[in-house]
Amino acid sequence: MFLDELVKEEQENDPNISTAVAQERISETDSTNIWWLSCALYHECRGLNDEAQIAVASVIMNRVKSDKFPNTIFEVLIQPGQYAFVNDEIIWGEPDERAIKNAEYVYWNGSQISENVLFQAEFLQGSGVWKQIDNQYFCYE
């Protein structure tokens, strides 16, 4: 699904490459990771603004880089008790365009928040609050 769009974008950036070369540059892993990140944004915070969605995606990316959490987006999302949409078994729903856009932005540009912000919820946790956006607290490790 995303792969065709990513290939097109890759070819727009470098018009001299073939589809095969563009596909090699953009692995299925990237496409899959963007898909899971999009699902998380859609199901966890679709009612929140873009700033909040980008911060949620950034927390997920920070967790992937942290030695305290699994090292893939999928494994971070399916950790028991971490993300309500996984626990509620609505993990397979289709994300909207805004969630996809925000997921792609964070995936390709990296976390947009401090790397030690590892928690996001409607309640305080961790060692302190980095920022509150809407009803979400983004908290330090």
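How many aromatic pairs does the structure hold? The structure holds three, where rings of Phe, Tyr and Trp (its six-membered ring) pair if their centres lie within 6.5 Å. Planes under 30 degrees apart count as stacked, over 60 as edge-to-face and the rest as tilted.

Before selecting anything, note that this is a predicted model, in which local features need pLDDT of at least 70, side-chain atom pairs count only at pLDDT 80 or more, and totals for chains, interfaces and linings use all residues. Residues are numbered from 1 along each chain as its sequence is written, and side-chain values use heavy atoms, with hydrogens and water left out.

**Stop one: two of the aromatic pairs**

Select Trp36 and Phe74. Their rings form a tilted pair, 4.8 Å centre to centre with 50 degrees between the planes. Trp36 belongs to helix α3 (residues 28-45) and Phe74 to helix α5 (residues 73-78), so the pair ties together parts that are 38 residues apart in sequence. Helices (H or I, at least four residues) and strands (E, at least two) are DSSP runs, numbered from the N terminus. Trp36 is buried at 8% relative accessibility, whereas Phe74 is partly exposed at 32%. Here buried means under 20% relative accessible area, exposed over 50%, and partly exposed in between (1.4 Å probe, protein chains only).

Next select Phe69 and Phe119, an edge-to-face pair with 6.3 Å between centres and 70 degrees between planes. Phe69 sits in the loop between α4 (50-65) and α5, and Phe119 in strand β1 (residues 117-121), 50 residues apart. Both Phe69 and Phe119 are buried.

**Stop two: a charge over a ring**

Show Tyr42 and Arg46. Arg46 lies over the face of Tyr42, at 4.4 Å from the ring centre. The rule asks for NZ of Lys or CZ of Arg within 6 Å of the ring centre and within 35 degrees of the ring normal.

**Stop three: the nonpolar core**

Which residues have the most contacts inside the largest nonpolar core? Select Leu37, Ile60, Ile73, Leu77 and Tyr83; the core has 36 residues. Such a core is a set of buried Ala, Val, Leu, Ile, Met, Phe, Trp, Tyr and Cys residues joined through side-chain atoms within 4.5 Å. Two or more residues each come from α3, α4, α5, α6 (84-87), α7 (97-109), β1 and β3 (136-140). Helix α4 gives the largest share, nine residues.

Centre on Ile73. Leaving aside neighbours within four places in sequence, Ile73 is in contact (heavy atoms within 4.5 Å) with Asn33, Trp36, Leu37, Ile60, Met61, Val64 and Tyr107. Move to Asn33, which is in helix α3 and is buried at 16% relative accessibility. With the neighbours within four places again set aside, Asn33 is in contact with Ile73 and Tyr107.

**Stop four: α7 against Ser38**

Select Ile100 in helix α7, a residue that is buried at 5% relative accessibility. Its C-alpha atom is 4.9 Å from that of Ser38, although Ile100 and Ser38 are 62 residues apart along the chain.

**Stop five: cysteines**

Select Cys39, buried with a relative accessible area of 0%, and Cys139, also buried at 0%. The disulfide count is zero, a disulfide being a pair of cysteine sulfur atoms within 2.5 Å.

**Last stop: a positive phi**

Go to Asp134 in the loop between β2 (129-133) and β3. Phi of Asp134 is near 55 degrees, a positive value in a residue other than glycine. Most residues other than glycine have a negative phi. Asp134 is partly exposed, at 42% relative accessibility.
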